[in-house]
Amino acid sequence: MAQRLLFERYKRAMFSVALRILNDNDHANDALQDAFVEVFRHLDSFRFQSTLGAWIKTIVVRQALRKQQLEWRFETLDEQFHDQPVEVPDTITGAVLDAAIRSLPDGARAVFVLAEVEGYKHHEIAAMLNISEGTSKSQVSYARKLLRKKLSEFR
Amino acid sequence: MNWTKALQQLPEHEPRPDLWDRIDADLRADATIDRALDDLPVFDPKADAWEQIAGQLEKPVVRALWKYSFRWAAAAAAVVTGAWLVVRPASDEKVTISYQTEVVETELTVASEPLQSAADQKVERFIDEQCAQQTVVCQKPEVKELKQHLNELSSRKEAVEQELLVFGNDPALVQAQIKIENERAEVTKELVRILTI
């Protein structure tokens, strides 16, 4: 019963994290399921070094990253991009931004979500994705540039 | 003309005329994105998600022994251990530190973990003792910075060890653990070097 309550409390937030990382409903559901099974099997190892929510989120994130079958691909910025100044309407809503985030390339999306939405530090993201901190930072910058462009086309 | 003079006389160049407009547009766009980030929607998992989880939890857990031996073997491949020998001759105040970092290549047994913790504790104790005796040195910005970095690495090490309890054989976690251990060894070595100059 307590487990069910814990799941009900966190399921929406955790599913949203997994969905934003994976951009795939089925994979996100699988990640959530596997993550909560791990959470309940290892609840006794939770040592209160962080909040319970943060601990569960880390497990969900790791499960989501594992669901990505192929290696994460990290695109780099196209030089042409610098020549396109953009104006983003200030009426952009969370739902519009969410759609734009989900249209990002896999690697940039995962890093952006972890850094800017979930608040992980670059060294933590680097460890999770087995990339350098520099790559993590440049992917956030790349994602922002792509988002600016995508959102500037929104009317 | 000498090198320094030439460097001082390097010409300045004008950026493109619309650069500020571009920077301003980017800043405003980022502010809009940051506002919208607080308003991202949340989504519901499948309606039967709990039933699936409950079904999984009812199954008995079969834990393969290799999973754990793999973790220690992988960690052992590159965990760096440090050995510090402190010799304090009674005749004078000279302190000799022998520092050694060693890449362990053989498979570690479970006993290796406490051994490593004991080495860590010994070094921490040494640094604390040195700082108690050499307060001036320990107030140096580089020493403070190194100590802070070491504390941060220790916290990261604990966090990874926590996650390893859940994801025993996750290669990314094992790599992260090795990287942190290597970095800790380097920072510790530098601290010991400064404190014993």
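Trainee: Is Asn130(A) buried, exposed or partly exposed?
Mentor: This is a predicted model, so take every value as computed. Asn130(A) comes out at 48%, so it counts as partly exposed. Its place is the loop between helix 6 (122-129) and helix 7 (133-152) of chain A.

Trainee: What is the phi of Asn130(A)?
Mentor: About 55°, a positive value, although the residue is not a glycine. Asn23(A) also has a positive phi of about 55° and is not a glycine. That one lies in the loop between helix 1 (2-22) and helix 2 (25-41) of chain A, and it is partly exposed at 32%.

Trainee: Over in chain B, how far apart are the sulfur atoms of Cys131(B) and Cys138(B)?
Mentor: They are 1.9 Å apart, and the two residues form a disulfide. The structure holds 1 disulfide over all chains. With -80° about the S-S bond, the link is left-handed.

Trainee: Why does Cys138(B) count as buried?
Mentor: Buried means under 20% relative accessible area. Cys138(B) has 7%, so it qualifies, and Cys131(B) is buried too, at 11%.

Trainee: And what span should helix 7 of chain B have?
Mentor: Work from 1.5 Å a residue: its 26 residues (141-166) should span 38 Å, and the end C-alpha atoms are 38 Å apart, which agrees. Now for the way side chains point. An α-helix has 3.6 residues a turn, so residues three or four places apart point the same way. The buried residues of this helix include Val143(B), Leu146(B), Leu150(B) and Leu153(B).

How values were computed
Residues are numbered from 1 along each chain as its sequence is written. Chains are lettered from A and ligands numbered from 1 in the order in which they are written. This is a predicted model: local features need pLDDT of at least 70, side-chain atom pairs count only at pLDDT 80 or more; totals for chains, interfaces and linings use all residues. Side-chain values use heavy atoms; hydrogens and water are left out. A disulfide is a pair of cysteine sulfur atoms within 2.5 Å. Buried means under 20% relative accessible area, exposed over 50%, partly exposed in between (1.4 Å probe, protein chains only). Helices (H or I, at least four residues) and strands (E, at least two) are DSSP runs, numbered from the N terminus. The expected span of a helix is 1.5 Å times one less than its number of residues.
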